[in-house]
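Subject: Structure handover and what was found

Dear colleague,

I am passing on the structure below, followed by an account of what was found in it. Please read the two side by side.

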Amino acid sequence: MRGFAAAQAHGILSPGLAFPAGGLLPPLPEAALATRVTGPGGGNCRGAAMDLEEAEEFKERCTQCEAVSWGLTDEGKYYCTSCHNVTERSKEVINSDIIPNAQIKALNRGLKRKNNSEKGWDWYVCEGFQHILYQQAEALKNLGVGPELKNDVLHNFWKRYLQKSKQAYCKNPVYTTGRKPTVLEDNLSHSDWASEPELPSDVNSPFLESGMESQSDVHTRKSLRISKALQSETSVCSGSLDGVEYSQRKEKGLVKMTVPQTLAFCYLSLLWQREAITLSDLLRFVEEDHIPYINAFQHFPEQMKLYGRDRGIFGTESWPNYDDIYKKTIEVATFLDLPRFPDITEDCYLHPNILCMKYLMEVNLPDEMHSLTCHVVKMTGMGEADFLTFDPIAKVAKTVKYDVQAVAVIVVVLKLLFLLDDNLEWSLSNLAEKHNEKNKKDKPWFNFRKWYQIMKKAFDEKKQNWEEARAKYLWKSEKPLYYSYVDKPVAYKKREMVVNLQKQFSTLVDSTPTAGKKSPSSFQFNWTEEDTERTCFHGHSLQGVLKEKGQSLLTKNSLYWLSTQKFCRCYCTHVTTYEESNYSLSYQFILNLFSFLLRIKASLLHEEVSLVEKELFKKKYSVTKKKSKSKKRRR
Amino acid sequence: MSRAASLPVIYSAQSVIGMSDFSEELKGPVTDDEQVETSVLSGAGMHFPWLQTYIETVAIGGKRKKDFAQTTSACLSFIQEALLKHQWQQAAEYMHSYFQTLEDSDSYKRQAAPEIIWKLGSEILFYHPKSNVETFNTFADRMKNIGIMNYLKISLQHALYLLHHGMLEDAKRKLSEAETWRHGEKTSSREILINLIQAYKGLLQYYTWSKKKRELSKLDKDDYAYSAVAQDVFNHSWKTSVNISALIKIPGVWDPFVKSYVEMLEFYGDRDGAQEVLTNYAYDEKFPSNPNAHIYLYNFLKRQKAPRSKLISVLKILYQIVPSHKLMLEFHTLLRKSEKEEHHKLGLEVLFGVLDFAGCTKNITAWKYLAKYVKKTLMGNHLVWVQEEWKSRKNWWPSFHFSYFWAKSDWKEDTALACEKAFVAGLLLGKESSWRSKNRPQTIMADSFFLAWMAICMYSLGTGDRLEIPLACLEMLRTSKLDGGWAPVPLE
């Protein structure tokens with residue numbers, strides 16, 4: 001609705017590239033994303049100059065588009081360079097009058113062809129990323145995300161990216177802009193591209209109707225194909241056609257695709273759709289292998305060979321990092337010049353009130369705390385749609401770390417209630433313990449100490465398991481990546497040996513099968529009333545830490561300390577620093593617990609807590625820099 | 001104490017050779033820098049996880065390590081921990097993941113991986129309850145072919161494993177295979193490994209030989225089988241000597257080889273040859289300092305009834321390397337019997353030296369010798385010698401040897417030892433003036449400090465035994481004046 005209007009207003013997008021908001025666009029055929037698109041002459045279509053020269057002799061009109069513009073496929077057949085129609089006529093037949101020469105040429109081609117099939121399809125780096133995005137979108141769909149994400153949103157973001165990065169959907173795709181004139185000219189003069197008719201902006205081209213492929217994808221391939229000629233001349237290798245060029249491509253303002261970037265695309269689409277998956281969830285799913293990321297290339301079609309430079313482009317040896325993906329998301333959104341995203345309203349999962357509830361449940365804190373978190377959210381203005389909604393074209397593009405922020409609010413509330421100075425929380429716990437002993441039938445008071453003991457145990461166990469699982473993680477794909485064809489047998493031999501060794505050692509491991517892949521869940525901890533060993537605190541009351549005063553409730557604790565007293569004003573990226581040992585043990589524990597849940601660094605959460613406090617105690621910060629000594633709040 | 005004769009030779013061999021270079025198929029030999037790197041990773045016997053991480057962050061300028069590197073190094077720590085706790089199952093589980101370091105994109109680590117994996121894997125397979133010889137054989141054969149530079153080392157360790165399981169013939173076959181293995185350039189480190197392999201083969205032949213020898217000794221000379229067996233014995237010795245002699249010329253610690261080689265030489269009456277080998281082994285400066293080399297030489301010379309001065313000169317070197325060796329008491333006896341005065345002085349030094357070591361504190365012979373010899377020295381008017389030795393020890397010997405705790409336990413466990421110690425304590429802790437009363441040993445005996453120490457011993461036994469305390473001693477104790485010259489022994 002809004003996004004669409006904005007996009008229109010911007011006037012950058014062709015109608016076919018409009019952003020769906022609420023399914024305005026019919027979903028593109030799945031095949032467009034699913035499979036690697038092979039045009040007529042497909043993977044074997046080689047735009048080398050020689051073939052074109054030979055093709056000049058063929059002067060008939062194309063049966064489909066009536067043009068006289070022929071190229072030669074690897075099989076020696078003619079194809080129309082404007083509509084890609086392949087004729088049944090082949091070179092050899094036509095040239096039958098000059099037999100010896102033709103034979104030689106046929107022989108040559110025969111050799112070339114064999115070589116080619118061994119080397120696999122011709123494919124482009126962006127196709128590889130497209131494939132990864134496709135897999136990721138499929139995985140997200142399987143996680144329960146609506147199908148529009150894949151068909152409309154992500155696909156359109158991707159197309160827009162191709163356009164913005166001048167790889168497709170534009171007049172002068174990057175590889176024909178003469179960036180390398182000396183090499184290019186030579187090829188261009190003979191190539192199809194010089195006389196390439198402009199693509200009709202009309203979406204209803206025969207190809208789309210045929211359902212085989214989208215027009216746009218053909219264009220992508222075609223516009224890039226020229227680099228194949230380059231490739232054959234340079235000896236630096238890569239399985240993809242433009243791997244070498246791609247890794248060398250450096251332009252100001254260009255956001256180059258990387259594997260982590262694919263997650264930025266996924267997250268942007270999730271955000272656009274306002275799905276119930278936070279960034280930390282997304283990254284955790286990646287780590288738990290629910291979303292293809294590490295070695296995503298191994299699911300490429302068999303014929304898409306990767307080696308050499310592709311290794312650097314598609315090989316990953318790290319899990320995504322929260323901060324990094326967060327920054328990339330903003331970067332990509334700005335680069336794509338995306339309009340304001342759909343509003344995050346109170347009924348959205350990403351709204352702090354809902355996320356706070358979720359995290360309160362997750363870490364086994366009383367439900368009653370929720371009204372306090374809502375209060376803090378309201379006071380800080382963090383629940384406003386304008387604050388929460390991502391607007392990449394605003395002056396300063398910034399989005400909210402929804403999950404981190406919600407958790408920070410909980411930390412602030414804990415500080416308000418228990419002070420967390422390694423002292424008050426324990427004396428309040430003593431009170432609660434006494435009260436609970438006396439009144440066994442009443443709703444129990446929340447006992448911080450007991451909660452700490454239970455959480456500490458659960459957290460330590462979880463963390464231990466997590467560390468062990470990480471140490472056992474198998475990084476290497478079944479398809480080894482190698483530098484060059486010479487290395488191939490070595491790489492495969494190594495792989496085979498590793499597999500054999502692993503087989504041998506797996507017989508030594510306990511025969512009890514290890515618990516299979518965990519099914520994905522937004523919750524990492526589960527607390528139920530039935531579990532007697534692990535007390536569930538959801539139903540516990542906060543009466544012990546609140547007191548009535550007239551109509552309102554006050555916190556018994558009247559003190560507060562700020563996580564950061566002075567914010568860093570220099571041009572560094574951080575606003576504050578976190579030196580663990582300067583803080584109370586309870587605070588450290590809580591930060592560690594939450595940052596483990598989100599798989600972020602404790603310092604990042606500390607920063608967010610400080611920012612929430614900055615909003616909450618705005619006056620204190622502006623009036624005096626002295627530590628705020630007292631704070632009374634109404635409920 | 002001396003190094004055991006059954007020193008794990010493969011490790012000592014490594015220490016001599018240094019880390020051999022690892023290289024992969026199709027890769028040229030690594031540079032020196034890389035060798036340093038690998039030895040940091042795998043060469044050091046000790047493991048400091050914190051240091052490792054520190055080094056790594058420094059090396060890459062504080063940049064975040066790849067998760068692959070992080071998880072594999074965590075995996076390595078888990079394996080080491082599991083090995084330490086003898087959790088073979090867990091170790092195997094982590095090992096399953098650790099194999100991927102063979103495909104590490106970091107070439108240093110990739111090159112170091114086969115050796116680390118071999119060491120960890122063979123350790124796991126050695127102890128794992130589900131493992132057997134076949135499993136080990138398969139593993140070893142695979143690892144041999146991964147980093148070909150490790151081929152010889154792994155073959156040798158494989159043979160040792162088979163030996164451990166009593167499979168002599170298989171071990172011999174493995175060694176022969178390794179011996180004839182040729183691949184790539186010949187390097188000096190490989191040369192030594194081949195020598196080592198041959199020497200091990202020789203050692204196995206020695207084993208057969210000595211079995212045959214035993215058979216031979218059981219046979220009658222007139223027995224018709226005698227000559228055949230004798231011939232056999234001779235053949236074996238010839239082969240063995242060829243196999244071993246090459247190795248022991250290279251600097252290193254080759255105890256078992258030298259021992260068996262010398263035994264064979266001696267058996268065939270080649271005493272000069274044996275002496276030459278032993279002298280070379282002990283005195284060649286290129287060889288690392290090795291107490292066993294001197295011990296072998298000494299024992300050989302003793303068997304040959306060599307003159308005392310020669311024996312003394314051998315043991316003098318051993319004394320410098322291992323002053324606590326049990327041969328030192330023999331050395332003392334030799335010195336005591338010598339005519340030279342400097343030898344007498346050295347004799348005293350040697351005794352004190354032996355008792356400096358915690359392992360020798362309960363050696364009653366040493367105490368007996370010391371008691372006698374100190375007395376003799378004092379009576380021989382060499383007070384200065386004793387003073388010299390005592391000077392550096394008077395600060396710590398009282399609490400080291402003559403504490404209340406020792407008094408109590410010595411008396412309980414070994415009364416004779418307690419008496420010897422008490423006697424020495426009396427002499428050493430007593431007033432220096434009493435040392436001069438050379439003609440009245442009774443006075444020395446009755447020295448109040450000796451009595452004080454005796455009394456401590458007695459009291460420690462409890463009331464029941466108190467009657468056994470000689471009344472005279474008690475009397476002396478009561479009347480003696482404890483003047484300031486005596487630093488009280490710290491009593492618990």
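Among contacts in chain A between residues at least 6 apart in sequence, what percentage join residues at least 24 apart? The share is 74%, where contact means heavy atoms within 4.5 Å.

Some conventions come before the rest. This is a predicted model, in which local features need pLDDT of at least 70 and side-chain atom pairs count only at pLDDT 80 or more, whereas totals for chains, interfaces and linings use all residues. Residues are numbered from 1 along each chain as its sequence is written, chains are lettered from A and ligands numbered from 1 in the order in which they are written, and side-chain values use heavy atoms, with hydrogens and water left out.

Chain A has 26 helices and five strands (DSSP runs, H or I of at least four residues for helices and E of at least two for strands, numbered from the N terminus). Of its 635 residues, 53% count as buried, that is, under 20% relative accessible area, with exposed meaning over 50% and partly exposed in between (1.4 Å probe, protein chains only).

At the interface, 34 residues of chain A are in contact with 39 residues of chain B. The rule finds three salt bridges between the two chains (a side-chain nitrogen of Lys or Arg within 4 Å of a carboxyl oxygen of Asp or Glu), and the side chains of A:Arg470 and B:Asp67 meet in a salt bridge at 3.9 Å, N to O. On the side of chain A that touches chain B, the elements giving two or more residues are α22 (448-471) and α23 (488-506) of chain A, and α23(A) provides the largest share, 12 residues. A:Arg470 and B:Asp67 also belong to a network of salt bridges that links them with A:Glu287 and A:Arg599.

Other salt bridges lie within a helix. In α22 of chain A, A:Asp460 and A:Lys456 are four residues apart and so separated by about one helical turn, and their side chains meet in a salt bridge at 3.5 Å, N to O. A:Asp460 is partly exposed, at 34% relative accessible area, and A:Lys456 is partly exposed too, at 31%. In chain B, B:Glu389 forms a salt bridge with B:Arg393, the closest N and O atoms being 3.0 Å apart; both of these residues are buried.

Helix α8 (residues 151-164) of chain B has 14 residues, of which 11 are buried, including B:Tyr151 and B:Leu162.

With best wishes

Conventions. The expected span of a helix is 1.5 Å times one less than its number of residues.
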